Amino acid sequence: MDFTFQKSSTRITTTHIALLLLLTSFFNCNPANASIHIYHKDVFREVGNAFLLSGGSEGIATSPSSRSYIRFENITFWRNEAAADRKRSNGLIQVIIFEAADRNNIGGSAYGGQRSICCTPDLAKMEGCKQGEVIRRPSATDANWPVVLNVKFRGKSLSKEMDYKEISITKTGMYNLFFVACDPKLKELVMSGKTVWRSPDGYLPGRMAPLMKFYTFMALAYVLIGVIWLIQYVRFWDDILQLQHCITAVIALGLFEMILWYADYVNFNNTGMRPVFLTTLVVTVGAVRKTVSRLLILTVCMGYGVVRPTLGGLTSKVLLLGVTIFLATELLNITEFVGTINDVSGRARLFLVLPDAFLDAFLILWIFTSLSKTLEQLQTKRSSVKLDMYRKFSNALAVTVIASVAWIAYEVYFKATDPFNEKWHSAWIITAFWDILAFALLCVICYLWAPSQNSQRYAYSEKLGEESDDEESQSLTEGKPEGDISLVNQEVKNVGSGGDSDEEDTEEDKRE
C-alpha cells in the first residue's frame, strides 16, 4: 500500500505508509493465535485522514478440492458517547480485504499529489468516489476485489456488532485485512472479536506450512545420525571420551527440538491455536540446544580433553557465557513465538536482537582465537593425528562462518526486495537454512570424533607426551607385541622428554 494519506495539516508520505504496511504485517500478526486472530479492545490509530486497525496479513493457498476463506466472528465495535451525540456522523466502518498485489487499488491522489485512503471532495469530483468512504478501484484480474464490507452504527448506539461473514478466497496470494473509519468523529474507536483464516490443508499460515514437512525430515535426519552414533557409542563404551558424551547430548536435544516443532505446527494446523505452554517448551529446548552446541564447539577449539585435561580458570568464564547465550536466545525466541507481539515496537525488538548478535560475534572471535592457539600447540608437539583432525575441523568452521555471512546478506536482500511478503512461498527457507547448517556442522563433529577403539589416542595423556600419539596409533594398527623392547624404550624416552612439557601445560591451565 504505497499511497499517502492527507488530512488538513496531517500528511504521511508514500514511504511512510509502505513502512506502515510492512510493520503491521510483521508485528500485528498474533503468533499465539495466528490463523485465528483475536482482537481484544484494540484501538484504531489515526493514519492520515483515516483511522486504521490492522486485522492481519497471511499467505493463503487455494485448491479446487477444498475451500479457503477469511471468516469474521463476534466482531464488535465501540465508540464513545461524544461520537454518538454528534450530528452529521455517518458512523461508518469499512472492512477492507485485498491481495498485496492490489495494494495500489486502495486510496487515491488529487492532482498527482499525496495519496489518501479516504475520499476527499477533490477526489470525489475527479474519481467519482463517495466522500467519507474508502477509495477502491477494482482489481485488473477480478472486479470483485478488493473486498469492502460496510458496518454502520445506528442512531446513538455505542456499540455495533458485525454480522457473521465468510469471504471465500479463490486465488493464492498474500492477503491483508484492515478495519478503516473515515469519519473523523469516530476517534478512539475500539474493536473486539476474531477472524479465522483457513487454507485447504488447515489453519497454518502459508509462510509456515512448509516448515511442518521440513521438521519432519529434520527429525528423521536426527534419528538417522542418532542411531549411527548410538551404535558406535555403545560398542566402544569403554573408550568413550567426555567430549563424546557432550556430542550425544547435543544429538538428543536436536532430535527432541525437531519433534516438538513438528508437534507444535501439527497442533497449530489442526486447531488454529498455539498453546503457550507447548510453544514455550519448544523455544526453551531450542535455546538449550543452541547453548550446549556453541559451548561444545568452544571447548573443542580450546582443546579440552585433547591438549588440556581441564579448562582451568576458564571454566567459570565459559559457563557465564553459556548462561548469557541461553538468556538472550530464550528472551528473543519467546518474544517472537510465544504470546502476542502486537505491543512490541521495532525499538524493543531491536533491543532483543542486538544482544544475541553481539554474543554470536564475540563467540566466533573466541572460537577462532582458541582454535589458533590449539593448532599452534599441536604443531609444536608434532601431534600429527590430532593436528590433522583439528585442521579438518577448522576448515569446517571456516565454511560454516562464510556460509552464515553469505546467508545473512541474502536474507537482508530477500527482505529488502519483498517488503510486502509477496514471496511468502519461499520465506520458510530463511528459517530452515539455520537448522540445516547447524545439523551439517554436527555431522562433521560426529565424523571427526566418532567413537572407536582408538578414541583414547585423541585424549590428553599425563603419562606420555603428546608427541607420541603417532607411534601409539601405529602400534595399534600394526599389532606390535606388548613386550617389545623398542616400544618400552620409546615410552621411557617419551616420559623423560615429555614430562617438562606436560608440567608446563598443567601450570598454564591453572593460571588461566
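Is Glu99 buried or exposed? Select Glu99: its relative accessible area is 12%, and Glu99 is therefore buried (buried means under 20% relative accessible area, exposed over 50%, and partly exposed in between, with a 1.4 Å probe and protein chains only). This is a predicted model, in which local features need pLDDT of at least 70 and side-chain atom pairs count only at pLDDT 80 or more, while totals for chains, interfaces and linings use all residues. Residues are numbered from 1 along each chain as its sequence is written, and side-chain values use heavy atoms, with hydrogens and water left out.

Because Glu99 lies in strand 7 (residues 92-99) and Lys171 in the loop between strand 12 (165-169) and strand 13 (173-181), the pair ties together parts that are 72 residues apart in sequence; strands here are DSSP runs of E of at least two residues, and helices runs of H or I of at least four, numbered from the N terminus. Lys171 itself is partly exposed, at 38% relative accessible area.

Now select Glu422 and Arg103, which form a salt bridge with the closest N and O atoms 3.3 Å apart. Here Arg103 counts as buried at 15% relative accessibility, whereas Glu422 is partly exposed at 37%.

Notes:
Salt bridge = Lys/Arg side-chain N within 4 Å of Asp/Glu carboxyl O.
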